[in-house]
Amino acid sequence: MNIVVLLKQTPDTESVIRIAADGKSIVTEGLKWIINPYDEFALEAGLRLKDKFKGKLTVVSYGPPRVVEALRTALAMGADDAVLIDDPVLKTADYLRVTRALTAAIKELNPDLIFTGSRAIDYDQGQRGAIVAENLGWPHLALAVAVDCDGTTVTIDRPIEGGKVTLESPLPALVTFGGAHAIWNPRYASLPGIMKAKKKPIATKKVSDLGLDPADFQPETARIVITSLEKPTERKPGRIINGDLDVAGKAAELLRCLHEEAKVI
Amino acid sequence: MAKCVCMIAEFRSGNFRRVSFEVASEGRRVADALGLELCAVAVGSGVAAKAGELGRYGVRKVLVKDDPALEHYLAETHVPVVAEMVSRLDPALILLPASVDGKDLGSRLGAKLRVALVQDVIQIVCEDGKIKAKWPIFAGKCFAWSEWVGDALPVISCRPNVMSCRESDEPVSAQVEMVDVPVPQARSRVKATDFDTTGKVELSEAEIIISGGRGMKEASNYAMLEELAKLLGAAVGASRAAVDSGWRPHSDQVGQTGKVVNPEVYIAVGISGAIQHLAGMGSSKYIVAINKDPDAPIFSKADYGVVEDLFKFIPAFTEEVRKLKSTCS
């Protein structure tokens, strides 16, 4: 079984996000970077299958050299190989171009299964998996909170509003992962894993190495751009219910506020 | 046919989902600003009989594909059918719901049609005929505005529960046109479905949410919140600490790696208010915090705060709500 896990490096969930001087990007200095949690869930699910079928798992990512750290973490957790598309043209390319480069890198690996996060916690567009599947002409099963694979078929549970559906597909297929840490419990890298990861290969590629024309990735090819970022308006300081009241008094006063002032209950 | 604004309606279990009407209402508003007609695409099993309903929200014409094979959403079947139907309308703008299925459909549809989609949009503006869309990034710690370049076709999925449903002043039944589009053979399939029939309020659609955190101490204590939620018609959520402790299912988790919610009222019970949690509920209209620690960060975001032991406060508050409800009814 040949598994590819697509992952993205994102700022840590605890990061304070500041808008950069250009008004349309964020300040990246001083941020702590992690593997996007949903991609980490995909990686954990992929590693379990690799262990079960004695398969091979390659992680694929894109971005500047700092992304190597995320890939080393994935290798230390148990991935066999890593591919990083590090090409300055991707910095200004829109996500349609980025997914095109990712698709080209994946094709070279000829996988049976592709796992990736259902969304990334930075720009949160949740489109990558479905686009790669469409580019490849593969079925995709989205938002897995449980996954099972017998080597020829993959099955997932997908939560939707007010219920759950179970989806199934023959391989090859792409699966995107939802859920939470409590479901997937991604493993920590072991010390021997970390030592081994130092010797594992990370292939760095430009789009031209993937058989693509850099001219197709120039800024003017973008069909969509972010023109500005803004911070949410600060909430006005609220009111603490009078602490001199007893419990029943506080309960009555809160209800009065919600019923008469806010008119929401 | 002249250009139009095209909305993609979501149909499930015999009815349009409410978010479809929100998207239709927003579509009408934008279509008026652009001087265009509003059309819709509706696919599903049994959708033909209901398609006219979209007229109430300003849709003039609906292309319909009614087929038992489209009963449950599956990317492999729905995307090619919707892509073909949308293409027949030659739209200047495509809108769809940013529901679970809508986000999936939109992503793959965008790739198929080679057009750029922005997901989870909370505001659309139209300036000199150009569309701009605003969407939350970093789970609401920031917002981004996007624009489409040149003649690129804008595709926007609209976050549920944000845009209002507006019935037209002169509601008419929409003109329904059945289209003949083949449903492709899919390799993947829907193996089983399991829909909640207990009438539990869904977190992402709830107007009132009561969430419990680490302060709840154990799983059985959530019965208290369930009781209050039932009285208020609210949904019960949880912080990551509560989910990681195994007290609540992950589907109840509110926060950066859980659900992002925007109810009218969010009542945080025994939740300290870590930045990841605030990212998931910071856009709620009113925030209420109940915590015995007066220094809990949640109080700095709360419209109303109560410093009290939740195990004393919640039963007292529930009793007050019960009294109010009995005098109202």
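## Chain A: overall make-up

Chain A contains 8 helices and 14 strands in this predicted model. Along the principal axes, the C-alpha atoms of chain A occupy a box of roughly 70 × 45 × 40 Å. Of the 265 residues in chain A, 57% are buried. Among contacts in chain A with a separation of 6 or more, 69% join residues 24 or more positions apart.

Helix α2 of chain A, residues 67-77, has a set of buried residues comprising A:Val67, A:Ala70, A:Leu71, A:Ala74, A:Leu75, A:Ala76 and A:Met77. After α2(A) comes A:Gly78, with a positive phi near 140°.

Helix α8 of chain A (residues 247-261) packs against α7(B), the two axes coming within 8 Å and crossing at roughly 50°. The arrangement of α8(A) relative to α7(B) is therefore oblique, and the crossing is right-handed.

On the chain A side, the residues in this contact are A:Val247, A:Ala248, A:Lys250, A:Ala251, A:Ala252, A:Leu254, A:Leu255, A:Leu258 and A:His259 of α8(A). They meet B:Lys312, B:Phe313, B:Ala316, B:Phe317, B:Glu320, B:Val321 and B:Leu324 of α7(B). Sorted by class, the contact of α8(A) with α7(B) comprises 12 nonpolar, 1 polar and 3 charged residues.

## Helix packing within chain B

Helix α7 of chain B (residues 310-328) also packs with helix α4 of chain B (residues 222-232), at an angle of about 20° and with the axes 10 Å apart. Angles under 35 degrees count as roughly parallel, so α4(B) and α7(B) are roughly parallel to each other. Their crossing is left-handed. From α4(B), the contact draws on B:Met224, B:Leu225, B:Glu227, B:Leu228, B:Leu231 and B:Leu232. From α7(B), it draws on B:Leu310, B:Phe311, B:Ile314, B:Pro315, B:Phe317, B:Thr318, B:Val321, B:Arg322 and B:Lys325. The class composition of the contact between α4(B) and α7(B) is 11 nonpolar, 1 polar and 3 charged residues. B:Phe317 and B:Val321 of α7(B) take part in the contact with α4(B) and also in the contact with α8(A).

A further helix pair in chain B is formed by α2 (residues 75-89) and α3 (residues 100-113), whose axes come within 9 Å and cross at roughly 60°. This angle makes α2(B) oblique to α3(B), and the crossing of the two helices is right-handed. In α2(B), the contributing residues are B:Ala75, B:His78, B:Val79, B:Pro80, B:Val82, B:Ala83, B:Val86 and B:Ser87. In α3(B), they are B:Asp104, B:Leu105, B:Arg108, B:Leu109, B:Lys112 and B:Leu113. The contact of α2(B) with α3(B) has 9 nonpolar, 2 polar and 3 charged residues.

## Aromatic pairs

A pair of aromatic rings is described by the distance of the centres and the angle of the planes. Over all chains, the count of aromatic pairs is 9. In one of them, the ring centres of A:Tyr38 and A:Phe41 are 5.5 Å apart and the planes stand at 75°, so this pair is edge-to-face. Both residues belong to helix α1 of chain A (residues 37-53), where A:Tyr38 and A:Phe41 are 3 residues apart, about one turn of the helix. A:Tyr38 and A:Phe41 are both buried.

In chain B, B:Phe16 and B:Phe21 form an edge-to-face pair, with 6.2 Å from centre to centre and 65° between the planes. Buried means under 20% relative accessible area. B:Phe16, at 7%, is therefore buried, and B:Phe21, at 10%, is buried as well. Ring pairs also join B:Phe16 and B:Phe21 with B:Phe11 and B:Tyr57 in a cluster.

## A loop residue of chain B

B:Ser164 lies in the loop of chain B between β11 (154-158) and β12 (175-178). With a relative accessibility of 40%, B:Ser164 counts as partly exposed.

Leaving aside residues up to four places away in sequence, B:Ser164 touches B:Glu22 and B:Ser25. B:Glu71, 93 residues from B:Ser164 in sequence, lies 27 Å from B:Ser164 in space, C-alpha to C-alpha.

Terms used:
Residues are numbered from 1 along each chain as its sequence is written. Chains are lettered from A and ligands numbered from 1 in the order in which they are written. This is a predicted model: local features need pLDDT of at least 70, side-chain atom pairs count only at pLDDT 80 or more; totals for chains, interfaces and linings use all residues. Side-chain values use heavy atoms; hydrogens and water are left out. Axes are lines fitted to C-alpha atoms, for helices over the stretch in contact, and angles run from 0 to 180 degrees between N-to-C directions. Helices (H or I, at least four residues) and strands (E, at least two) are DSSP runs, numbered from the N terminus. Angles under 35 degrees count as roughly parallel, over 145 as roughly antiparallel, 65 to 115 as roughly perpendicular and the rest as oblique. A crossing is left-handed if the near helix is turned anticlockwise from the far one by less than a right angle, and right-handed if clockwise. Contact means heavy atoms within 4.5 Å. Ala, Val, Leu, Ile, Met, Phe, Trp, Tyr, Cys and Pro count as nonpolar, Asp, Glu, Lys and Arg as charged, and the others, Gly among them, as polar. Rings of Phe, Tyr and Trp (its six-membered ring) pair if their centres lie within 6.5 Å; planes under 30 degrees apart count as stacked, over 60 as edge-to-face and the rest as tilted. Buried means under 20% relative accessible area, exposed over 50%, partly exposed in between (1.4 Å probe, protein chains only).
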